[in-house]
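Let us take a friendly walk through this structure together. Please have the viewer open and follow along chain by chain.

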Amino acid sequence: MKNFSFIFCLILCWACNNDVTSIGQDLLNDDSYVELVKYNIENSSTIKLDSFPTSTAKTGSELYNLIVGAIKDPVTGFTNAQPYFSLVPAGGDPINSIHRFDSITFNIKYNGQIWGDTNQIQTFHLHQLTRLPILHEQNDFLYNTTVTPYNPTPLGSYQILPHRRHLDKFCIRLDDSLGLELFDKVKYNDEYIKNAHYFVQYFKGVTLIPDNNNTCIFGFAAAADSISIQLHFHDAENEKVYKFTPSIAYNEYTYEKLHNDAAGTPYAALTKQTENLLFYEAARPGISYGQLVTQGLSGYAIKMRLPVAPAGDKYKTIVKAEIELRPQPSSYKEIKLPETLYLYQSNPDNDLISAITKPDGNAVTGTLIREENRPEEERFVINITDYYNTLCQSNDADTKNYVIVSVPADLMSGSFNRLTVDRIPVLNIYYALYE
Amino acid sequence: MKKIIPLYLLCFLFSWQVFSQNNTGTPYSMYGIGLLQDNYGPYTSLGGVSAAMRDNNNINFLNPASYTALDSNRFYFQFGVTGEYVHISTHKENSSYRVAQNASLNMAFRIYKNLFTSLGFNQRSDIGYDLYYYKMINGSDNEYYNQQISGEGGLNDFYLGVAYRFGNLSLGVNTSLVFGNIEKRVNLIPLISDSYYINSRNKIAVFDAIFTAGIQYGMALSPKSKLTLGTAFNFSSKMNARKDLESYKVNTSTQSSETLDNERLHNGNISYPFRISGGFAYDYKDKWTVAGDYTFQEMSSYKEFGEDQEYNDYHKAAIGVSLLPARYGRYWWQRNKYNLGAYAVRSQIELNNVHINTYGVTFGTQMPVYISNRELLLGVAFDLGIRGTEKNGLIQEKYAKIRLNIAFKEGWFMKRKID
């Protein structure tokens with residue numbers, strides 16, 4: 001009996017800790033696997049947004065950047081950016097009878113962003129508005145197309161070689177008559193000075209207009225401490241300053257008027273937002289197959305109609321879906337690529353319906369994947385897995401599969417960065433076959 | 001009796017443990033109902049011959065007609081188990097594993113005159129694999145995924161058999177209640193950011209009856225020699241089975257999961273194909289035995305829930321020879337039976353255009369131990385063989401098995417003539 005017990009125990013210990021986990025990979029017959037299927041998104045085109053908001057309305061938030069300048073981009077043509085803003089008395093040194101007026105200036109703080117030829121003299125004119133911008137009656141926004149009249153006689157003009165050391169001191173000397181008018185109002189503590197609302201109604205605001213011959217555009221901070229009209233005065237001993245600056249309370253009047261004229265480029269064909277310029281239709285010498293473009297300020301975006309994945313095998317599911325956009329090599333040496341791309345739901349009329357979001361509520365975005373020493377492999381990848389899974393499960397997927405890839409719409413007025421694509425976009429679908 | 005009951009209990013617990021343990025081993029067990037048993041039973045050391053084998057020491061549960069060879073006044077109890085050490089290799093790597101499997105627990109006794117019965121547990125098939133691979137995503141040139149496939153379980157049966165002897169002809173039938181779970185899991189983990197990984201679990205539960213008939217016919221060729229012919233077979237049978245499939249995908253970023261499938265096929269079945277073994281056993285002078293077997297199973301008709309699994313037919317040929325120097329010899333070694341055998345199997349599996357074959361040689365002994373009013377036969381069988389090939393990226397397994405087979409018989413039904 002003891003001997004048998006011993007034998008049983010020996011055998012019982014026999015099976016343990018087997019590790020053959022990596023043997024025989026070819027044995028599996030690949031019944032379950034992950035595969036990548038690439039679909040060319042043939043129905044890709046460039047569209048031009050008719051209008052887009054360039055203000056923050058009455059949301060209480062503020063624009064971070066404003067852009068000013070004019071540029072002729074070989075891809076998208078001529079673009080002109082004019083910022084508009086209102087100002088309120090911000091205070092400074094008190095003015096009384098012993099002070100003498102010296103000058104009035106307009107000052108902005110360069111934010112480091114610049115696009116275009118910076119070796120040409122640039123000319124700017126500051127004009128006073130003749131009325132306040134009229135907010136959109138439904139949403140209080142101001143758009144890139146909003147026209148606000150201004151006095152054709154500029155308050156002041158300025159020429160500058162747009163190098164950083166000059167831009168950091170951007171300052172326009174304004175008409176002294178305006179300076180004296182404001183000086184007196186401050187000196188006598190006029191009702192317009194005491195009440196910001198009255199001042200906004202009285203002064204309206206200003207716009208900075210670039211000369212059409214300018215060759216670059218640049219950005220400046222939109223915060224109250226970055227834009228100002230300054231009264232310079234002195235007493236017997238000191239030079240003093242009193243400032244008028246933008247106020248967050250009147251931020252709805254700060255916006256960017258933008259104009260793009262694509263004459264001489266394939267995009268001149270786009271005269272309204274409902275029109276498409278297909279990828280292959282944008283082919284021209286030097287652009288072998290075609291072209292797509294999205295860019296801030298000029299309002300271009302990439303419209304795509306996504307291929308809907310076939311139903312396929314029962315035990316097959318999508319584990320990842322992504323859109324791949326390859327920037328045209330060398331297209332971003334002078335004008336940088338956008339840092340982020342957004343994906344918007346669209347329709348056959350090219351409307352920008354809403355930003356597509358992930359299950360956690362954050363927007364679906366595309367980021368640049370850089371390949372060291374292989375610039376031709378650089379690409380924007382937009383992960384659309386959850387959106388695409390939902391789309392493919394929809395009964396009317398074939399009518400909902402319109403999307404727009406664009407620089408973020410709320411930053412459309414804050415950057416001139418551009419993505420130019422010269423290869424047809426690709427939809428990468430990773431399938432798992434698990435049964 | 002007091003000593004033997006704890007031993008029965010120990011055997012029962014042990015065989016249950018072997019049935020239920022996680023025997024991770026051969027990747028070849030991933031196909032169908034698992035790895036079919038090529039060589040087991042009381043005649044393992046004779047190459048696994050069984051069709052014509054009959055004696056009064058072993059319960060040959062592989063052919064129910066053999067029960068009539070048992071002693072009429074004895075109660076038989078038999079326990080067997082196989083331990084296996086396997087060196088597993090491909091053309092580029094190798095490893096090893098050990099498993100205990102093929103446990104069987106059998107009892108037999110005479111019911112009435114020429115009517116005998118046997119009952120017990122056996123393992124019909126065995127699944128145990130756990131494989132983890134790092135593979136390139138099809139269609140990609142620089143992206144990979146992890147593929148983990150694992151499986152466990154197998155089919156067992158509880159059988160009740162009867163046999164009747166008409167002179168030299170014996171007929172028998174085993175009614176087997178086949179039961180067991182086969183669980184196969186697949187995990188696919190793409191090694192790409194912000195994607196989903198897949199967990200899939202496929203469980204098949206089988207519960208049905210199979211009937212195995214057996215025939216044996218013995219004839220004396222001369223006063224010193226005897227020939228037995230035998231066959232055992234079962235017809236193709238559809239076994240009721242229930243298939244559960246659960247699969248879901250999990251977001252690698254948020255860990256949120258989404259159910260893909262939660263299916264139960266109530267009315268499915270697995271076909272257990274027609275199987276037949278036939279053979280002979282030739283005894284000379286109660287000293288020499290030569291036996292041969294051929295087994296065929298029509299695995300090409302094997303289907304799971306209506307889906308043809310595209311297997312080949314199963315073939316096995318086995319031959320064995322044994323020497324018993326002197327059944328009642330003076331010395332212990334003379335009373336032992338010495339066995340030698342060999343077998344070749346062409347399995348149902350064909351991969352990459354290569355048949356997965358098995359070849360083995362066997363040897364061993366059966367040692368009788370006499371205790372008062374009971375006899376014990378301790379069988380030790382060694383089985384050395386090769387399964388598969390390293391060709392075409394496949395696996396070759398070189399195995400060494402040892403099977404212990406312990407058979408008791410007790411005089412439960414003997415009447416004392418003098419009290």
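For chain A the mean pLDDT is 88, with 92% of the residues at 70 or more. Two stretches call for care. Residues 1-6 of chain A have a pLDDT below 50, and this stretch makes four contacts beyond near neighbours in sequence. Residues 12-17 of chain A also stay under 50, and there the model has 10 contacts beyond four places in sequence. Where pLDDT is low, the predicted coordinates should not be read in detail.

Now to the domains. Chain A is split into domain 1, covering 33-49 + 272-433, and domain 2, covering 65-261. Between the C-alpha centres of these two domains of chain A there are 38 Å. Where they touch, domain 1 of chain A supplies 12 residues and domain 2 of chain A supplies 13 residues. Which elements give two or more residues to the domain 1 side of this contact? They are β17 (292-295) and β25 (418-421) of chain A.

Along the principal axes, the C-alpha atoms of chain B fill a box of roughly 85 × 40 × 40 Å. Of the 419 residues in chain B, 46% are buried. As for contacts in chain B between residues at least 6 apart in sequence, 64% of them join residues at least 24 apart.

Finally, zoom in on the backbone. Most residues other than glycine have a negative phi. A:D140 has a positive phi, near 65°. This residue, A:D140, sits in the loop between β8 (122-128) and β9 (156-160) of chain A. Because A:D140 has 14 C-beta neighbours inside 10 Å, it counts as partly exposed.

In chain B, B:D194 has a positive phi of about 50° and is not a glycine. Look for B:D194 in the loop between β8 (169-190) and β9 (196-222) of chain B. Is B:D194 buried or partly exposed? With 15 C-beta neighbours inside 10 Å, B:D194 counts as partly exposed.

How values were computed: Residues numbered from 1 in each chain as written. Chains lettered and ligands numbered in written order. Predicted model: local features only at pLDDT ≥ 70, side-chain atom pairs only at ≥ 80, totals over all residues. Buried ≥ 20, exposed ≤ 12 C-beta atoms within 10 Å, placed from the backbone. Contact = placed C-beta atoms within 7 Å. Domains from an automatic or database assignment. Helix = DSSP H or I, 4+ residues; strand = E, 2+ residues; numbered from the N terminus. pLDDT = per-residue confidence, 0-100.
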